[in-house]
Amino acid sequence: MHVHHRGESHAHPNATQGFLSAALLATLLLVMAEFLGSYLGHSIALLSDAIHNLSDVPTILISWIAVRWAERPADAERTFGYRRAGILAAFTNSILLLLVALALFWGAFDRFRHPVAVREQWMIGLSLLALCINGGITLGLLRNRKDLNFRALLVHNFGDALSNIAILAGAVIIQLTGVLWLDPALGVVIAAFVFWSSLGILNESGHVLLEGRPREMRLPEVARLILEISGVQEVHDIHIWTLGAGHHALSCHIRIPDMHMEESEKILAEVRTRLDESFGIHHTTVQFERAGLPGTGVYMPEPYNSQKV
């Protein structure tokens with residue numbers, strides 16, 4: 001049996017934590033301004049956006065905690081480390097966003113039944129302020145967009161920026177035409193975007209937490225790559241999962257002819273290198289077997305039936 005666990009480097013999280021701290025402070029100031037503006041301007045769209053931005057506060061806070069936890073080294077209790085902290089944060093955030101979206105729907109439909117005249121000046125001024133803040137946070141998050149946790153923040157803040165543009169345009173139209181239903185209509189659109197984006201994040205983060213196969217990989221393709229290595233007769237019991245953002249792991253059984261340990265180590269090194277280069281699998285565990293060799297290479301992933309590759 002050969003077992004290999006490849007080490008992983010950890011980046012310093014200080015810069016990311018500093019950015020998240022600044023984003024949290026800016027969001028809190030924006031929420032207070034929008035709540036005040038929604039009260040003085042009688043705007044359900046501003047109130048919806050204020051609640052939307054308020055949901056950013058625990059989102060950013062959870063992400064900040066996740067950044068610290070994800071960089072902790074593995075220990076005796078959590079032998080894979082804490083990289084799943086970011087995935088757990090994304091899962092929690094998506095549930096929170098779904099609840100926020102339902103609250104926004106309720107508030108908007110209530111305003112449809114009981115329309116109120118709005119003060120467009122408050123909507124225009126605060127939407128411009130919110131657009132600057134949310135747009136800046138969105139641009140800052142782009143460099144970490146491959147991280148599922150940060151992608152949750154990115155999608156949320158990008159949605160915030162779009163809603164700010166919609167509120168700005170709606171305020172101008174209301175000012176020119178006096179159409180009162182446009183304000184709650186914008187609230188419904190914002191709520192729909194929050195709901196839709198949250199479902200995608202919930203689905204993807206839940207898939208990772210359930211040890212699902214990375215969606216960009218296919219088991220037959222991974223098995224075929226291993227079978228192409230000289231000396232490999234069969235590969236089965238393949239398991240691929242995600243440890244954290246961009247960090248994948250694999251375990252499998254490989255049948256090889258009877259050979260010296262030095263030769264089997266060369267096969268192991270080749271398997272590890274090819275998986276890393278072709279699929280980004282950085283953590284590999286391989287068990288070699290030397291009994292019952294078949295005539296041709298067979299891929300037998302459990303619980304699937306055997307199949308030729």
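Here is a walk through the strands, a crossover and the charged pairs of this structure. Keep in mind that the model is predicted: local features need pLDDT of at least 70, side-chain atom pairs count only at pLDDT 80 or more, and totals for chains, interfaces and linings use all residues. Residues are numbered from 1 along each chain as its sequence is written, and side-chain values use heavy atoms, with hydrogens and water left out.

Let's start at strand 3, residues 281-289. (Strands are DSSP E runs of at least two residues and helices are H or I runs of at least four, both numbered from the N terminus.) Seven of its nine residues are buried, so strand 3 is largely enclosed by the rest of the structure. Buried here means under 20% relative accessible area, exposed means over 50%, and partly exposed is in between, using a 1.4 Å probe and protein chains only.

Strand 3 runs parallel to strand 2 (residues 247-255), and eight bridges join them; two strands pair if DSSP finds at least two bridges between them. Leu250, for instance, has Thr284 in strand 3 as its bridge partner. To get from strand 2 to strand 3, the chain passes through helix 9 (residues 261-279), making a right-handed β-α-β crossover. Right-handed means that, with the strands pointing away from the viewer, the path from the first strand over the helix to the second runs clockwise.

Now for the charges. There are five salt bridges, each a side-chain nitrogen of Lys or Arg within 4 Å of a carboxyl oxygen of Asp or Glu. Arg255 takes part in a salt bridge with Glu234, where the closest N and O atoms are 3.1 Å apart. Arg255 sits in strand 2 and Glu234 in strand 1 (residues 234-244), so this pair ties together parts 21 residues apart in sequence. Arg255 also meets Glu289 in a salt bridge, at 3.6 Å from N to O. Since Glu289 belongs to strand 3 and Arg255 to strand 2, that pair links parts 34 residues apart in sequence. Arg255 is buried at 18% relative accessibility, Glu234 at 3% and Glu289 at 17%.

Lys266 is exposed at 56% relative accessibility, while Glu263 is partly exposed at 36%. Elsewhere, Glu228, Glu270 and Arg274 are linked in a salt-bridge network.
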